Amino acid sequence: MSSPSATGAIPDGSRARPAFERIALLLQGGGALGAYQAGVYQALAKADLHPDWVAGISIGAINSALIAGNPPEKRVERLRAFWETVTQPPLGVPYLASVDIKSDMQRQMINQFRAMGTMLWGAAEFFKPRIPPPIFMPAGNPGNLAFYDISPLKALLERLVDFDRINGKQIRFSVGAVNIKTGNLTYFDNMTHKVGPAHVMASCSLPPGFPATEVDGEFYWDGGILSNTPLQWVLDARPREDTLAFQVDLWSAHGEFPRNIFEVMTREKEIRYSSRTRAGTDQFKHLQKLRYALAGLLGKLPDDLKSSPEARLLGNAADATERGGRVEVRMSRQAGEGVLEVSDTGQGIADEDLQRIFDPFFTTKERGTGLGLAIVHRIVEAHSGHLSVRSQVGRGTTFRVVLPIAAPSQTQLPAAVG
């Protein structure tokens with residue numbers, strides 16, 4: 001997947017690119033902690049590890065845009081320009097680096113003073129206080145219901161980010177935001193969207209400080225409300241590719257017991273955001289182990305089980321998947337029904353064949369009988385279930401089996417024999 005346009009020129013004597021099909025950089029939300037992400041990218045660039053895909057949420061969305069929207073040789077410069085701009089003191093009081101701060105209490109007081117200044121007067125070219133405050137405003141457009149106005153961010157993004165470059169798809173770019181009406185996490189991806197400043201701003205519109213951002217008639221809030229990391233979006237992408245993913249964790253799961261109210265507020269955020277990231281990462285690792293276990297188990301099944309409906313579905317998925325592809329099994333319970341989905345990353349099924357795959361003796365395999373799916377279909381229907389399929393040529397196929405978990409209440413019992 002790597003190409004010179006995606007990774008930039010590799011200097012002589014540099015280390016070889018790792019043997020992965022894709023390098024992904026995942027950037028989370030974390031407010032001012034996002035400055036650390038700029039340092040991480042600088043270290044990756046120095047090691048010639050240029051990502052093929054950058055995905056971000058909240059402040060990570062801004063950093064992702066600064067990376068994807070600039071050529072490799074300018075990315076660190078633009079990241080530095082952004083962070084130096086938005087961290088300027090709001091009242092013009094310079095940061096006195098030469099002052100020797102002796103104690104943690106002094107450092108904490110200075111930090112709180114600067115934070116108070118940002119809260120009262122905003123951040124340069126990022127956000128400014130809304131006058132009058134929203135509590136004195138009548139109910140109306142959700143884009144105005146916030147304590148700050150982030151319209152200055154649009155001009156800053158347009159100055160530092162080349163959105164034509166992002167939409168040129170030289171590297172993949174994704175940012176996540178929450179649709180206010182549906183409550184669902186939506187990803188704006190340059191493979192499916194024409195990305196602009198509004199998409200990035202939507203991803204970092206954290207209420208009640210920042211207002212909702214309107215995109216195509218819908219209003220969005222910060223994606224970190226639901227998930228603070230884009231890990232699942234990247235790893236669920238099709239077709240699956242061997243991925244080296246760098247996930248920058250801004251929030252520590254482990255920490256000291258807080259000593260004052262400011263540390264209480266910080267520790268609460270660390271636990272809240274790190275737990276979501278940890279849960280998502282642990283879930284993916286668990287699913288990966290299940291996939292490997294399933295692949296090994298299929299090869300060990302005795303002949304009588306290999307003919308079962310479940311094994312036939314899994315076998316068809318495995319047959320359709322080329323070497324290096326994936327077979328994924330998902331099971332869930334929905335409204336009293338059990339749902340089994342079997343997906344593969346194989347060659348897919350043509351539209352003209354899709355209408356006939358459950359017909360007896362229809363097959364596209366050289367040695368197929370054409371009975372496997374027909375038998376599965378008949379067994380599922382005999383148990384008051386439903387079998388459906390969706391497929392895309394070149395991308396893969398998903399079979400979905402829905403079966404009632406409990407027997408229908410109207411089931412007739414056999415008559416007693418007198």
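Modeller: We begin with a definition: a residue is buried if its relative accessible area is under 20%, exposed if over 50%, and partly exposed in between, with a 1.4 Å probe and protein chains only. This is a predicted model, in which local features need pLDDT of at least 70 and side-chain atom pairs count only at pLDDT 80 or more, while totals for chains, interfaces and linings use all residues. Residues are numbered from 1 along each chain as its sequence is written, and side-chain values use heavy atoms, with hydrogens and water left out.

Colleague: Are Phe127 and Phe210 buried or exposed?

Modeller: Phe127 and Phe210 are both buried. In the protein as a whole, 39% of the 418 residues count as buried.

Colleague: How many helices and strands does the protein have?

Modeller: Helices (H or I, at least four residues) and strands (E, at least two) are DSSP runs, numbered from the N terminus. The protein has 14 helices and 13 strands.

Colleague: How does one read a nonpolar core?

Modeller: In soluble globular proteins, nonpolar side chains tend to be buried together. A nonpolar core is a set of buried Ala, Val, Leu, Ile, Met, Phe, Trp, Tyr and Cys residues joined through side-chain atoms within 4.5 Å. Here the largest such core has 51 residues, and those with the most contacts inside it are Ile62, Phe82, Phe126 and Phe173. Among the elements that give two or more residues to this core are strand 1 (22–27), helix 3 (59–68), helix 4 (72–86) and strand 5 (172–179). Helix 3 supplies the largest share of this core, 7 residues. Apart from this core lies another, of 13 residues, including Leu340, Leu354, Phe362 and Val401.

Colleague: Which residues does Phe82 touch?

Modeller: Contact means heavy atoms within 4.5 Å. Not counting residues up to four places away in sequence, Phe82 touches Ile59, Ile62, Leu66, Phe126, Leu153, Leu156 and Leu160. Contacts may also be sorted by separation in sequence: among those between residues at least 6 apart, 66% join residues at least 24 apart.

Colleague: How is a pair of aromatic rings described?

Modeller: A pair of aromatic rings is described by the distance of the centres and the angle of the planes. Rings of Phe, Tyr and Trp (its six-membered ring) pair if their centres lie within 6.5 Å; planes under 30 degrees apart count as stacked, over 60 as edge-to-face and the rest as tilted. The structure holds 9 aromatic pairs. In one of them, the rings of Phe127 and Phe210 have centres 5.0 Å apart and planes at 55 degrees, so this pair is tilted. Phe127 belongs to the loop between helix 5 (104–121) and strand 3 (128–129), and Phe210 to the loop between helix 8 and strand 7 (213–215), so the pair ties together parts 83 residues apart in sequence. One aromatic cluster is formed by Phe82, Trp83, Phe126, Phe127, Tyr148 and Phe210.

Colleague: What surrounds Ile150?

Modeller: Ile150 lies in the loop between strand 4 (148–149) and helix 6, and is buried, with a relative accessible area of 4%. Leaving aside neighbours within four places in sequence, Ile150 is in contact with Phe126, Phe127, Met201, Ser205, Phe210, Pro211 and Thr213. Ile150 and Lys128 are 22 residues apart in sequence and 6.7 Å apart in space, C-alpha to C-alpha.

Colleague: In what sense do strand 11 and strand 13 pair?

Modeller: Two strands pair if DSSP finds at least two bridges between them. Strand 11 (residues 337–344) and strand 13 (residues 396–404) are antiparallel, with 8 bridges, and Glu337 stands opposite Pro404 in strand 13.

Colleague: Which peptide bond is cis?

Modeller: The bond from Pro207 to Pro208 is cis, with omega near -5 degrees. Pro208 is placed in the loop between helix 8 and strand 7.

Colleague: What is the phi of Ser58?

Modeller: Ser58 has a phi near 60 degrees, a positive value in a residue other than glycine. Ser58 is buried, with a relative accessible area of 10%, and is found in the loop between strand 2 (53–57) and helix 3.
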